[in-house]
Amino acid sequence: MNTTPDPHWKILVVEDEALLAEEIRIRLEHLGHQVVGVADNGAEAIDIARRTRPDLVLMDIRIKGDLDGIETADLIHGELDIPVVFSTAHSDRDTLQQAQIAGLFGYIIKPWREQDLVMAIRLAMHRHQTEAAARRDHDSNLHSVLETGLHPVILCNAQGRIFAANSNAESVFGYPRGMLAGQPFELLLAEQERTAWGALREQAFAKHAAQADDTPTFHVQRRDGQAFPAKVSPTYIETSAGPSLYLIIRDISEAQAPLDAITGLPNRGKFRTALAEALRMPGAPLALLLLDLDHFKEVNDTLGHETGDRLLAETAARLREFTGPQSALARLGGDEFALLLPGPDGMQEAECTAQRLVEALSVPFNVDGKPLYLTASAGIAACPEDALSATDLLKYAEQAMYAAKSRGRNRVARFSPDMQDGAQKRRALSDDLHGALQRGEFSLHYQPIIDFGDGGRCGKAEALLRWRHPRRGAIPPLDFIPLLEETGLIHAVGEWVFDEAAAQAGRLARLLGRDIQISVNMSALQLASQAAGAVDWHAKLAGLPPLGGRIGIEITESVLIEDQQRVKDCLLDLRRHGIAVSIDDFGTGFSSLSYLKTFSIDYLKIDASFIRGIAHDANDHALTEAIIVMAHKLGFKTIAEGVETEVQADILEKMGCDCAQGYLFSRPLPIDAFEAYLLADGG
């Protein structure tokens with residue numbers, strides 16, 4: 001006999017009879033399941049499902065409110081992909097037919113026996129997992145097909161929204177795939193082309209043709225606004241997303257203009273041709289060097305694109321000095337350059353040349369009579385030692401270049417196999433991030449912030465995002481937060497963090513009879529951003545009731561210089577809605593208190609690096625005291641981060657610091673432990 005126990009699931013119960021709902025909860029918990037919530041109406045059920053991400057919903061068909069059970073189930077399953085089992089006391093033909101038509105994994109008729117419930121849950125979860133596995137297999141096969149192409153490939157659904165793209169599309173258009181997901185294909189088209197695209201899409205879907213009759217030319221545009229002509233080949237296919245278009249985008253500008261207009265160097269297409277020809281020569285070793293300017297975006301943002309173009313041209317001129325008759329130099333796009341060095345001493349020569357290039361570019365450029373300092377990072381890969389194909393050689397050289405950047409920039413890195421392993425793990429982690437929010441893998445921990453002026457009572461807390469991977473366990477924030485930003489998922493996850501923290505602040509106020517301000521971290525990408533998938537914070541705030549100081553945001557100093565006017569407007573809007581604004585890690589960035597006086601700020605969080613030495617380092621002591629005094633003169637309150645000893649706390653309190661945060665008081669706590677902390681001795 002099979003004695004394998006059933007898995008235990010998180011279940012949401014939707015039942016409008018309170019006594020029956022309690023009985024169901026008890027029976028489910030007796031079976032080992034976790035009941036994440038009980039709702040008696042559709043709106044509440046949807047809210048709980050969004051917050052808790054249950055594995056299954058047990059849904060009464062006839063419930064309170066404007067939505068019946070079937071409508072509520074459709075919304076939950078459609079948005080969150082959560083299976084629903086209907087539970088109904090009505091065995092009339094119409095009701096059962098409704099449940100069967102909805103087909104959201106089954107139904108049971110009340111009063112049901114416990115074994116009926118067990119079987120219904122088993123069948124529902126088995127069907128859901130089978131369908132999810134089939135979708136994953138299909139998507140995996142589709143991903144393999146996408147990545148075999150030499151050109152950018154985009155997949156659109158019947159509404160013209162992008163749901164998949166290959167790595168070539170990322171590099172050509174400048175958008176991470178996570179940013180493209182859910183966006184209309186028009187995002188990649190010049191405005192005048194959008195009517196023609198609509199007609200082509202309708203024609204392709206109407207004919208259900210293996211391939212459309214023609215391959216029209218469109219002016220497509222990159223993320224930086226640069227447009228170029230391309231042939232767009234649409235093919236109708238069936239995918240897990242339903243009827244779809246497989247769009248191959250071939251850049252024809254490279255054939256028409258093989259030289260880069262700014263630098264006069266060969267462009268990406270011309271260089272790939274040269275690389276392919278060099279690799280066709282049997283046994284001939286060669287080295288590929290990729291070089292990227294460090295922080296070049298800041299030049300464009302602060303000095304303008306015209307100055308940026310002049311610097312690119314001057315960079316190309318310096319690079320030409322290091323090329324020989326057998327080498328090939330090109331600008332691949334943006335601020336990235338490639339140098340191909342063939343010959344028997346290719347690797348040795350490449351490493352020497354790369355180091356000399358990096359040193360040459362560190363010499364200041366002359367911009368309108370003033371010196372401008374730039375640095376560069378370079379990566380090297382070799383054939384045949386590292387790779388034999390152009391695609392792999394470019395990929396490995398790029399991995400080495402990013403390794404050089406991660407090691408501090410302004411240096412050279414040689415490809416090694418562990419970089420590929422690291423890149424694959426990073427890619428796998430990035431792939432796993434997609435859907436992590438919907439699967440309920442994120443949670444918030446709360447680190448208390450004590451108020452010296454209130455006898456050391458906790459009046460604030462910082463909400464910290466945590467990710468528990470289903471196979472790898474807890475993933476450090478430093479590993480996944482940058483990936484959220486790179487993929488564009490930071491917008492959806494950041495909005496969830498904001499909503500969860502605001503809801504928790506409300507629950508704490510009801511529990512304690514006083515307000516606890518919860519602050520959330522907001523990146524430069526989220527604040528006043530216009531990127532694809534970004535949250536419209538103005539509209540979101542306008543739809544919220546006044547938050548009365550229960551919620552705050554934390555930003556770093558660097559955010560303040562991204563776009564001063566937009567940031568200023570956004571901060572004013574936040575404070576107008578009762579949201580406190582804190583500057584995190586103050587003293588480690590490149591801003592200053594004089595910079596801050598033009599912005600709407602409530603708190604400065606003094607970085608832990610100052611607090612660590614406050615008791616024994618005269619400089620740290622003096623700087624911390626100066627920050628507190630100047631902050632108070634500007635009307636800001638101060639929070640000391642990283643407080644770990646009573647001595648540090650005593651010094652800070654005597655200096656007049658307003659609040660403190662650190663392991664002396666508490667580590668970040670899950671919500672249950674945080675509530676217990678607050679309830680103990682009044683927090």
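1. Let's start with an open space in this predicted model. The second largest pocket holds about 820 Å³ of space. Take a moment to find this pocket in the structure before reading on.

2. Now see where the lining comes from. At least two residues each are supplied by β2, α2 (42-52), β18 (442-451), β19 (457-469), β20 (473-475), α17 (490-512) and α24 (671-679). Strand β18 gives the most, with five residues.

3. What classes of residue make up the lining of this pocket? Sorted by class, 11 are nonpolar, 10 are charged and six are polar.

4. One contributor to the pocket lining, β2, leads us to another part of the fold. Strand β2 covers residues 34-39 and pairs with β1 in the parallel sense, over five bridges. As an example of a bridge, K10 has Q34 in β2 as its partner. Together with helix α1 (residues 18-30), β1 and β2 form a right-handed β-α-β unit.

5. Strand β3 (residues 56-60) runs parallel to β1, and four bridges join the two. Here you can find I11 standing opposite L56 in β3.

6. Finally, is β1 mostly covered or mostly open? Strand β1 spans residues 10-14 and is mostly covered, with four of its five residues buried.

Definitions and conventions
Residues numbered from 1 in each chain as written. Predicted model: local features only at pLDDT ≥ 70, side-chain atom pairs only at ≥ 80, totals over all residues. Heavy atoms only, no water. Buried < 20%, exposed > 50% of the residue type's maximum accessible area, 1.4 Å probe, protein only. Pairing = 2+ DSSP bridges. Right-handed = clockwise from strand over helix to strand, strands pointing away. 1 Å grid on protein atoms, 1.4 Å probe; cavity = no way out; pocket = protein on both sides within 12 Å on 5 of 7 lines; lining within 4 Å. Points joined across faces, edges and corners; volume = space filled by probe spheres on them. Nonpolar A, V, L, I, M, F, W, Y, C, P; charged D, E, K, R; others polar.
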